[in-house]
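This report describes selected strands, helices and residues of one model.

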Amino acid sequence: MTILLLGSGGREHAFAWKMTQSPLCEKLFVVPGNAGTAAIAENVAISPTDFEAVKALVLKENISLVVVGPEDPLVKGVYDYFKNDESLKNIPVIGPSKLGAQLEGSKEFAKEFLMKHNIPTAAYDSFTAETVEKGCEFLETLQPPYVLKADGLAAGKGVLIIQDLEEAKTELRNMLVHAKFGTASSKVVIEEFLDGIELSCFVLTDGKNYKILPTAKDYKRIGEGDTGLNTGGMGAVSPVPYVDAVLMEKIETRIVKPTIEGFQKDGIEYKGFVFIGLINVKNEPIVIEYNVRMGDPETEVVVPRLKSDLVELFLSVADQKLGYFNLEVDPRSATTVMVVSGGYPEDFEKGKVISGLENVTDSIVFHAGTKLDGENVVTNGGRVIAITSYGDNFQEAIKKSYQNIDKLSFDKMYFRKDIGFDLI
């Protein structure tokens, strides 16, 4: 079959890498893709949110399955666009409906869903420019640190955690009145801070049945020791060593099951990934956030641990037969380290030539922000390349990733040297 994958990051390269291993995948198109996907699939230089152009490609190339990587096309309603178009409605889209995508598209919608279905989460309230002073009063009722979340999509950077009350009030005004994150922060959710260890739980659902994928933990801060600005993710580890059978059972019964049942009760069409960002507070799992797609860079450690055929898995979602699918997982650990452009997550330069890729051995190179410039692979984003490795434990795996990163170079290249530091 011919498959279309939407997206251009490390997550999409990992999906492409796995799907092209399937005998069912005759041809793979990636929109728009990167230098890594160009080597194993055909990139098409159109925007994943240009649904008319996507439709033209699907019909021209006789595409029979669409897999959506990033959140933007989902929040903008790509699933509904296909469902409501006479010529596209029989082509399955792996991803939730526009309503389901609101779990990521609106922090307030997600909080209301969690409360409605009695799923454990932090206490919160939400505010707009009109109620900004009430928001400041609400901050006074909380203990520091203070958590401010832009309601809309802000590319993973719309969450501020602030120790000082007056600074928190200033930032709340910056978000609401001065549009610090543009329209994404026209509404801001303030919630109580939870102290614990974060982890990610990934679920694939066909709307009724679900499979829990391997756990992972990512590292969001730019600096070592989890310091500095938030990024899209600097590395990841799977499985999470401290997640035992008891904690997993709590996650499934208290969070995963009520989430999938909540979709059915609320009439939300959902055939795709649910990323559940959790915090483990004294061995009690509490939901921080939902995403409606796989995380990045967590995909780069979760997908390599799937032994099952990914295309078969997606087809079982499309046919609502996920309950019959036998998901096989590699028992080894996987780690990934993200190599980024100097200056990221603030200003950085693009177009830097990357050398040494051909010297990487015993690790998988997943391209994120790269493109081809003639014969050269050059940087084309903040997060450039993820180096993923296997090991009998995460320490062994991470050592391989770092050994291979030493073979790479580009101007102002940066990476964290402490991924997994808090798990030892």
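## Strand β22 and its partners

In this predicted model, strand β19 (residues 364-367) and β22 run antiparallel and are joined by 4 bridges. Within this pairing, histidine 367 stands opposite isoleucine 385 of β22. Strand β22 also pairs with strand β18 (residues 333-341), again in the antiparallel sense, over 8 bridges. There, alanine 334 has tyrosine 390 in β22 as its bridge partner.

Strand β22 itself spans residues 383-391 and is mostly covered, with 9 of its 9 residues buried. In general, the strands of a sheet pair through backbone hydrogen bonds, in either a parallel or an antiparallel arrangement.

## A four-stranded open sheet

An open sheet is formed by 4 strands in the order β6-β9-β7-β8, with antiparallel pairing. Its edge strands are β6 (124-128) and β8 (159-162), each of which pairs on one side only. On average, and with direction ignored, neighbouring strands of this sheet are turned by 20 degrees against each other.

Inside the order, strand β7 (residues 146-150) pairs with strand β9 (residues 187-191) in the antiparallel sense over 4 bridges. Alanine 150 has valine 188 in β9 as its bridge partner. Helix α8 (residues 132-140) lies across β6, β7 and β9, and runs at about 155 degrees to β6.

## Helix α10

How far apart are the end C-alpha atoms of helix α10? Helix α10 covers residues 245-265, and its 21 residues should span 30 Å at 1.5 Å a residue; the end C-alpha atoms are 28 Å apart, which agrees. After α10 comes glycine 267, with a positive phi near 65 degrees.

The buried residues of α10 include Leu247, Lys250, Ile251, Ile255 and Val256. Further along the helix, Pro258, Thr259, Ile260, Gly262 and Phe263 are also among the buried residues. The buried residues of α10 pack against the helices α6 (98-105) and α7, and against the strands β10 (197-205), β11 (210-212), β16 (270-281) and β17 (284-291).

Valine 54 belongs to helix α3 (residues 51-60). Is this residue buried or exposed? Valine 54 has a relative accessible area of 1% and is therefore buried, the limit for that class being under 20%. Apart from residues up to four places away in sequence, valine 54 touches Leu4, Leu6, Ile46, Ser47, Pro48 and Phe82. Leucine 4 is 50 residues away from valine 54 in sequence, yet the two are 9.2 Å apart in space, C-alpha to C-alpha.

Methionine 115 lies in helix α7, which covers residues 107-116. Its relative accessibility is 41%, so methionine 115 counts as partly exposed. With neighbours within four places in sequence left aside, the contacts of methionine 115 are Thr121, Ala122 and Tyr124.

## Cysteines

With a disulfide taken as a pair of cysteine sulfur atoms within 2.5 Å, the count for the model is 0 disulfides.

Definitions and conventions:
Residues are numbered from 1 along each chain as its sequence is written. This is a predicted model: local features need pLDDT of at least 70, side-chain atom pairs count only at pLDDT 80 or more; totals for chains, interfaces and linings use all residues. Side-chain values use heavy atoms; hydrogens and water are left out. Helices (H or I, at least four residues) and strands (E, at least two) are DSSP runs, numbered from the N terminus. Buried means under 20% relative accessible area, exposed over 50%, partly exposed in between (1.4 Å probe, protein chains only). Contact means heavy atoms within 4.5 Å. Two strands pair if DSSP finds at least two bridges between them. Axes are lines fitted to C-alpha atoms, for helices over the stretch in contact, and angles run from 0 to 180 degrees between N-to-C directions. The expected span of a helix is 1.5 Å times one less than its number of residues.
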